[in-house]
Amino acid sequence: MIVTFTINGEDRGATVAGWESLLTVLRDDLGLAGSKNACEQGECGSCSVIIDGENVCSCLIMVGDLEGAAITTVEGIAIEGELHPIQEAILEEGGVQCGFCTPGFVVTGAHLFGDDPSPDEATIREAFSGNICRCTGYGALLRAFGQLAEGES
Amino acid sequence: MDFVAALDLETALDAKAEHPEAELLAGGTDLMVEVNLAHHRPHGVISVRRCSELLELDEHRIGAAVTWARLERGTHRALAQLARTIGSPQIRAAGTLGGNVATASPAGDGLPWIAAMNGGIEVASRDRGGRLIPWDEFFVGVKETTLAPDEIITAIVVPDDAPSVQEFAKVGVRNAMVIATVSCVVARGEDGFRVALGSVAPTPIRATSAETMLNGAASMDESVLAEFARIVSDEVRPITDHRSTEAYRRHASGVLARRLVERCLAA
C-alpha cells in the first residue's frame, strides 16, 4: 500500500506493507536514520517521534495507520539550521555520552517544553520515564532540562 | 487485504465481517512487539485507533480506543491512578483500555478495575449486532476471551452503581515501564467493599470470600483487617514465573488489598 503523510513539514510517502513499523520505514525507506532502533518494544524511547502532537515510540506505530499524519522526527527539531533550546541545553550540560539515546531525549524534550515551558523537576522526571540512558545516569540530562526550565520561568 | 484504517465503526465491522482472520490494531503496544520481536506477520490489519465511535468517553462508557493518556486525566479515581502507572508517557499516548481488554493478559492493569466496577465489555459485529458481556464471562483464561472472530470491542461499560470511593495500587520492580507483579483495586460502594486483583490468576479476579468476611464485620479493627488480608492471600491463585514467586504474590496481594481498604476507609 501507499501511505502519504508529512514529515518535518514536507510531504512524503512510501510504498509499504501496512504492518511495518514507522521506525523501519523512516530508517530504511526514507533515509531518516536519526530515530534509533534499540529495543523495538517501546521501552527505551530512542525512536521517539511526535505524531499529530503526541510523543510516541515509532517502533510501535504501524505505518499503515499514518495516512495524512503530521510527523516530527529528531531531524525536524532544529529550526532552520538553529539548534532547538533543548539541544543547546543538552550540549551545554554534556548530557551525551554514547549518543544512542540522545535523539529520543531531544524529541521528548521538545515535546515537553512545547506543552509546558517551565516544568518542575517531578514533571521532567516523569517526562523522562519513557527514555532510557545507560551512560550518563540522567544527571546531566536532568540538569539540561532543569536549566532550560529555569531559563523560561 | 493488507491494512484498513477504519475512521468509523461501520467500516471496521464490514472489514472484520469479511476478514475475520484480520487482526485488530489499537495502540499497537502489544501487536507491534510481536511484529518486531517475534517476527509475526499479520494477514491483514484493521486499525480502530481513529474510529470515531471508539473514541467516545463519558462516565458510563469508555470507548475502546480511548488512550491511557486520556484516562489518567479522567474522573474514575482508580482508573486514573492505574492509567498513570502504565508504561511511560509514550506508551500511554498510544495504548488503550480496549486493547488491554482484548489482549486479556493476566497482568493487564485495567482489568481489575473493570472487575471491581462490575463492568461489561460492549462488542459488536456487522451481522449479529451488539452485545454486552459481563467481565467475568468475557475473560476466560490467559489471553483468552469470549470475543467472536467477527466481533470488535467497542466500549467498556460502567454500571450506574459504580462506587466513587475507589483505590488502585500495584507492585512491580520499578515505577516506569514495568509489568505488574500484583495489581489491586478496592472500591467501597453501597453494597460494601469490592476487592479485585490482577496478575494473580489466569484472569482478573474478585476476592469474594474476603469481601464477604469484610462486609460482614462489625468493625474495622486490627484483627479484622489482618484476617481480611490473610483471606485475600489465601484466595488468590498466583504462579511462580520469571517475574515473581507464588509466595510473594500471595503475600503482596494481602498487603495491597488491606492497604487499599484502609485508604477507602479514610476517603
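Helices and strands here are DSSP runs, at least four residues long for a helix (H or I) and at least two for a strand (E), numbered from the N terminus. Keep in mind that this is a predicted model.

**Figure 1. Chain A, element by element.** Reading from the N terminus, chain A goes β-β-α-β-β-β-α-α-α-α. That comes to five helices and five strands. Its radius of gyration is 15 Å, close to the 15 Å that the globule rule gives for 153 residues, so chain A is as compact as a globular protein of that length. Along the principal axes, the C-alpha trace of chain A spans about 45 × 30 × 25 Å.

**Figure 2. How chain A packs inside.**

Figure 3. On the domain 1 side, 14 residues are in contact with eleven residues of domain 2 of chain A. Which strand gives the most to the domain 1 side? Look for β3 (residues 48–51) of chain A, which puts in three residues. Sorted by class, this side of domain 1 of chain A has six nonpolar, six polar and two charged residues.

**Figure 4. Into the largest nonpolar core, around V48(B).** Nonpolar side chains tend to be buried together in soluble globular proteins. The largest nonpolar core here has 126 residues, and V48(B) and A257(B) touch the most other members. Domain 1 (2–76) and domain 2 (85–152) of chain A both give residues to this core, so it lies between them. Now zoom in on V48(B). Setting aside neighbours within four places in sequence, V48(B) is in contact with A6(B), A12(B), L24(B), L25(B), A26(B), L54(B), A64(B), A65(B) and I152(B).

**Figure 5. Helix α1 of chain B and its buried face.** One of the contacts of V48(B), A12(B), turns up again here. Helix α1 (residues 9–18) of chain B has A12(B), L13(B), A15(B) and K16(B) buried. Seen down the axis of α1(B), the buried residues fall within an arc of 160 degrees, so they line one face of the helix. And what covers them? Among the elements of chain B that do this for α1(B) are the strands β1 (3–5), β3 (45–47), β6 (120–125) and β10 (152–157).

How values were computed:
Residues are numbered from 1 along each chain as its sequence is written. Chains are lettered from A and ligands numbered from 1 in the order in which they are written. This is a predicted model: local features need pLDDT of at least 70, side-chain atom pairs count only at pLDDT 80 or more; totals for chains, interfaces and linings use all residues. Two residues are in contact if their C-beta atoms, placed from the backbone, lie within 7 Å. Ala, Val, Leu, Ile, Met, Phe, Trp, Tyr, Cys and Pro count as nonpolar, Asp, Glu, Lys and Arg as charged, and the others, Gly among them, as polar. The radius of gyration is taken over C-alpha atoms; the globule rule is 2.2 Å times the number of residues to the power 0.38. A nonpolar core is a set of buried Ala, Val, Leu, Ile, Met, Phe, Trp, Tyr and Cys residues joined through C-beta atoms within 7 Å. A residue is buried if 20 or more other C-beta atoms lie within 10 Å of its own, exposed if 12 or fewer, and partly exposed in between; C-beta atoms are placed from the backbone. Domain bounds come from an automatic or database domain assignment. The arc is that of the directions from the helix axis to the C-beta atoms.
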